[in-house]
Amino acid sequence: KEDYQFINAREVAEILQISYRHFLKLLKEGEISLPRHKIGKRERFVRKDVEDYLEKRVSQSYTKEDQED
């Protein structure tokens with residue numbers, strides 16, 4: 001069984017090293033696509049989803065840099 005650690009939008013922004021407001025803007029515009037989970041009245045994200053997203057973005061940026069050389 002997988003253990004999910006739920007985090008809020010501020011924590012996601014911190015992991016992604018962007019401001020909270022910028023994260024909300026990117027989320028609203030569809031630039032960042034992360035699964036959201038309703039817990040009570042609040043939306044939460046799974047930490048592993050955020051870490052996987054970040055790892056994917058980093059590996060894509062390295063691939064782009066390699067192609068430019």
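Glu43 is partly exposed, with a relative accessible area of 37%. In this predicted model, Glu43 forms a salt bridge with Arg36. The closest N and O atoms of that pair are 3.5 Å apart. Arg36 is also partly exposed, at 41% relative accessibility.

**Salt bridges**

How many salt bridges does the structure hold? There are three. The table sets them out, with the relative accessibility of each partner.

| Glu29, 47% | Lys25, 43% | 3.9 Å |

Glu29 and Lys25 both lie in helix 2. They are four residues apart, about one turn of the helix. Glu29 counts as partly exposed, and Lys25 does too. Asp52 and Lys48 both belong to helix 3. That pair is likewise separated by four residues, about one turn.

**Chain layout**

The protein chain contains three helices and three strands. Along the sequence, the pattern runs β-α-α-β-β-α. Buried residues make up 20% of the 69 residues in the chain. Take the contacts with a separation of 6 or more: residues 24 or more positions apart account for 40% of them.

**Helix 1**

Helix 1 covers residues 9-16. At its start, a side-chain oxygen of Asn8 comes to within 3.0 Å of the backbone nitrogen of Arg10. Just after the helix, Gln17 adopts a positive phi of about 60°.

Which residues of helix 1 are buried? They are Ala9, Val12, Ala13 and Leu16. The face turned away from the buried side carries the exposed residues Arg10 and Glu14.

**The nonpolar core**

In soluble globular proteins, nonpolar side chains tend to be buried together. Here, the largest nonpolar core has 13 residues. Those with the most contacts inside it are Val12, Leu16, Phe23, Ile32, Leu34, Phe45 and Val50. Which element gives the most? Helix 1 does, with four residues.

Leu16 shows how such contacts link separate parts of the sequence. Setting aside neighbours within four places in sequence, Leu16 is in contact with Phe23, Ile32, Val50, Tyr53 and Leu54. Leu16 is one of the buried residues of helix 1, and Val12 is another. Both are named among the core residues with the most contacts.

**Confidence**

The chain averages a pLDDT of 89. Of its residues, 86% score at least 70. Where is confidence lowest, and where is it highest? The lowest is in helix 3, at a mean of 81. The highest is in strand 1 (residues 6-7), at 98. Helix 3 is also the element that holds the Asp52 and Lys48 pair.

Notes:
Residues are numbered from 1 along each chain as its sequence is written. This is a predicted model: local features need pLDDT of at least 70, side-chain atom pairs count only at pLDDT 80 or more; totals for chains, interfaces and linings use all residues. Side-chain values use heavy atoms; hydrogens and water are left out. Buried means under 20% relative accessible area, exposed over 50%, partly exposed in between (1.4 Å probe, protein chains only). Helices (H or I, at least four residues) and strands (E, at least two) are DSSP runs, numbered from the N terminus. A polar contact is a pair of N or O atoms within 3.5 Å; within protein, one must be able to donate a hydrogen and the other to accept it, and residues adjacent in sequence count only if both atoms are side-chain atoms. A nonpolar core is a set of buried Ala, Val, Leu, Ile, Met, Phe, Trp, Tyr and Cys residues joined through side-chain atoms within 4.5 Å. Contact means heavy atoms within 4.5 Å. A salt bridge is a side-chain nitrogen of Lys or Arg within 4 Å of a carboxyl oxygen of Asp or Glu. pLDDT is the predictor's confidence in each residue, from 0 to 100.
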